[in-house]
There are 2 protein chains.
Amino acid sequence: MTYIARLHQAMKTQKTAALVGLDPRYENLPEEIKEAAKDRGGDRLEMYAYAFERFCCEVIDVVTDLVPAVKPQAAFFEELGPEGCLALARVMRYARKKGLLVICDAKRGDIGTTAQAYASAYLAGEDAKAAPWAADALTINPYLGTDTLQPFVDLAVKREAGLYVLVRTSNPGAATFQDRTQDGVKLFEAVADAVEALNVQTMEAGETYGSIGAVVGATYPEELAQLRKRMPHTPLLIPGFGSQGGTADDVKSAFDADGFGALINNSRGINFAYEKEPYKSQFGQSNWQAAVEAATKDMIKSLAGVCPL
Amino acid sequence: MTYIARLHQAMKTQKTAALVGLDPRYENLPEEIKEAAKDRGGDRLEMYAYAFERFCCEVIDVVTDLVPAVKPQAAFFEELGPEGCLALARVMRYARKKGLLVICDAKRGDIGTTAQAYASAYLAGEDAKAAPWAADALTINPYLGTDTLQPFVDLAVKREAGLYVLVRTSNPGAATFQDRTQDGVKLFEAVADAVEALNVQTMEAGETYGSIGAVVGATYPEELAQLRKRMPHTPLLIPGFGSQGGTADDVKSAFDADGFGALINNSRGINFAYEKEPYKSQFGQSNWQAAVEAATKDMIKSLAGVCPL
């Protein structure tokens with residue numbers, strides 16, 4: 001089954017477009033996780049990698065019956081070296097085993113056969129054994145040009161995996177290069193057009209959306225509405241909800257009448273809900289998993305007002 | 001000592017701007033390496049990772065007295081999963097131990113603390129223990145905006161490491177987005193201006209070049225000459241020499257009167273020299289290391305005509 005078909009099935013089952021990011025940061029981990037890691041021993045990177053794996057798997061246990069997918073951030077694992085890379089692979093396999101789709105946020109990009117190598121490392125599709133990091137979908141960077149996206153698209157089609165190309169990012173300085181304008185078309189709009197074109201080429205007959213998606217930040221709601229129209233067949237991955245300031249109202253334009261069209265990501269706001277009110281007083285550190293659950297359910301509730309899934 | 005000071009020292013010692021890329025591809029490896037990997041056993045990815053490590057270390061043995069630095073391509077190692085990531089870390093440590101500078105070609109890029117995590121994974125500077133992948137310098141992608149380059153720059157300054165920001169890539173479709181023009185300035189020129197500005201901010205008094213560099217493909221010689229003028233203090237990393245068609249004449253504009261200003265990379269043309277003439281007849285597969293040596297020396301000789309080091 002194609003990535004988009006699997007994603008839609010999961011969204012229908014869970015009745016939400018909420019995507020839980022997995023952004024482990026050691027300083028934010030609950031004490032019980034850190035203690036367990038210390039007890040286990042080993043050098044600092046091994047301890048951290050164990051803590052990251054355990055924390056993410058526990059988050060997965062909590063959210064597996066609530067959301068369609070999780071999005072691990074590769075950078076935090078990579079910071080720990082090869083041990084961290086192994087932990088990421090395990091977390092991804094665990095999420096799949098629990099029935100979640102996995103979008104690996106690695107923002108890779110390179111030319112020709114090098115792009116092929118990255119694609120082959122991450123794009124597993126339905127068969128977890130098809131890639132060392134068994135992602136259903138991968139985020140990629142378009143700067144090098146459309147020809148460098150093609151190897152990713154080719155393997156995504158072959159393995160029935162998905163891609164999310166960076167179009168409009170959620171950081172304050174996103175405009176520096178992405179807003180540069182030629183003939184009235186901004187760079188991120190030109191990238192959007194290229195992604196929509198790549199996506200349409202790969203779509204199956206009868207589908208409304210393809211498996212080649214776009215990353216569009218929730219921090220620029222007007223642009224999101226325009227981009228939704230500009231890429232009518234492209235599924236969106238929308239970061240910036242929660243900690244970065246995006247609200248349900250900011251993302252409502254991303255959904256069609258059936259509630260499809262986008263996944264809305266929240267990472268820190270869910271992972272470390274126990275550190276912030278109202279969850280901090282209600283659950284605290286000793287019951288951090290309940291805080292993850294409450295924050296996820298609150299996000300789902302808030303999205304339900306704008307997404308008719 | 002800063003990255004650029006270490007690099008210039010190494011360039012003076014070896015009297016060349018030649019950079020040897022490490023691009024292991026299993027199908028191109030000499031039979032003796034593949035046989036040794038098979039004898040060692042393990043699953044496919046373990047075997048390949050062992051073969052990549054052994055091949056790269058042997059290439060390092062050959063080039064360590066000839067060139068200032070090597071550039072491993074992260075993607076080929078990553079394709080093998082966590083085992084490959086471990087092999088990459090080992091190859092990088094081995095190259096340093098042999099006295100070579102290491103530029104890790106990973107083209108990373110992300111926002112805020114995520115960018116920090118990538119920087120921390122790769123930017124070791126002089127102390128090999130400072131990062132799991134002990135690079136002297138790292139390639140990064142500017143699409144997300146100048147604010148997302150800053151965390152890399154901050155850590156590079158702190159650890160006396162270097163960066164090479166993608167400005168103009170060497171692929172046929174590089175122009176798709178990089179040539180888009182606003183007010184007469186192309187995107188890659190705007191990125192070049194941003195890199196030069198970031199670089200100048202970090203430069204030490206009395207230095208001609210800083211440690212924040214730019215990737216500029218050799219496949220567009222006229223643009224290279226313009227970019228050299230546009231970024232007078234920015235060291236360049238120039239891919240595209242050899243297999244991709246770039247010649248010594250194409251890159252001569254990158255050097256100043258002392259021969260500084262750029263490193264010229266050749267990966268496949270050196271790694272797999274034994275597969276192509278004139279090296280194939282002269283050395284063949286059984287003496288592939290001699291082919292690596294001859295191809296490296298030929299590149300150095302060819303660059304000597306345009307680079308007065």
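Axes are lines fitted to C-alpha atoms, for helices over the stretch in contact, and angles run from 0 to 180 degrees between N-to-C directions. Helices (H or I, at least four residues) and strands (E, at least two) are DSSP runs, numbered from the N terminus. This is a predicted model, in which local features need pLDDT of at least 70 and side-chain atom pairs count only at pLDDT 80 or more, while totals for chains, interfaces and linings use all residues. Residues are numbered from 1 along each chain as its sequence is written, and chains are lettered from A and ligands numbered from 1 in the order in which they are written.

**View 1. Helix 2 and helix 3 of chain B cross at roughly 135°.** The axes of helix 2 (residues 31–40) and helix 3 (residues 44–63) of chain B come within 9 Å. Helix 2 of chain B is therefore oblique to helix 3 of chain B (angles under 35 degrees count as roughly parallel, over 145 as roughly antiparallel, 65 to 115 as roughly perpendicular and the rest as oblique). Helix 2 of chain B contributes B:I33, B:K34, B:A36, B:A37, B:K38 and B:R40 to the contact, and helix 3 of chain B contributes B:M47, B:Y50, B:A51, B:R54 and B:F55. Residues are in contact if their C-beta atoms, placed from the backbone, lie within 7 Å. By class, the contact of these two helices has 7 nonpolar, no polar and 4 charged residues (Ala, Val, Leu, Ile, Met, Phe, Trp, Tyr, Cys and Pro count as nonpolar, Asp, Glu, Lys and Arg as charged, and the others, Gly among them, as polar).

**View 2. Helix 6 and helix 7 of chain B cross at roughly 35°.** Their axes come within 8 Å, and the crossing is right-handed. From helix 6 of chain B, the contact takes B:G112, B:A115, B:Q116, B:A119 and B:S120; from helix 7 of chain B, B:T148, B:P151, B:F152 and B:L155. These residues divide into 5 nonpolar, 4 polar and no charged.

**View 3. Eight strands of chain B form a closed barrel with parallel pairing.** The strand order is 1-2-3-4-5-8-9-10, and the twist averages 30° from one strand to the next. Strands pair if DSSP finds at least two bridges between them. Strand 2 (residues 69–72) and strand 3 (residues 101–108) of chain B run parallel and are joined by 2 bridges; B:V70 stands opposite B:V102 of strand 3. Helix 1 (residues 3–14) of chain B packs on the sheet, where it touches strands 2, 3, 4 (137–140) and 5 (162–168), and its direction makes about 130° with that of strand 3 of chain B.

**View 4. Chain B meets chain A.** In this interface, 48 residues of chain B are in contact with 49 residues of chain A. Helix 6 of chain B gives the largest share of the chain B side, 6 residues. That side has 24 nonpolar, 18 polar and 6 charged residues. The copies meet through the same surface, because 100% of the interface residues of chain B are also interface residues in chain A. A rotation of 180° with 0.0 Å of shift along its axis superposes chain B on chain A, with RMSD 0.0 Å (by least squares on the C-alpha atoms of residues with pLDDT of at least 70 in both). The two copies are thus related as by a two-fold rotation axis.

Notes: Contact = placed C-beta atoms within 7 Å. Left-handed = near helix turned anticlockwise from the far one by under 90°.
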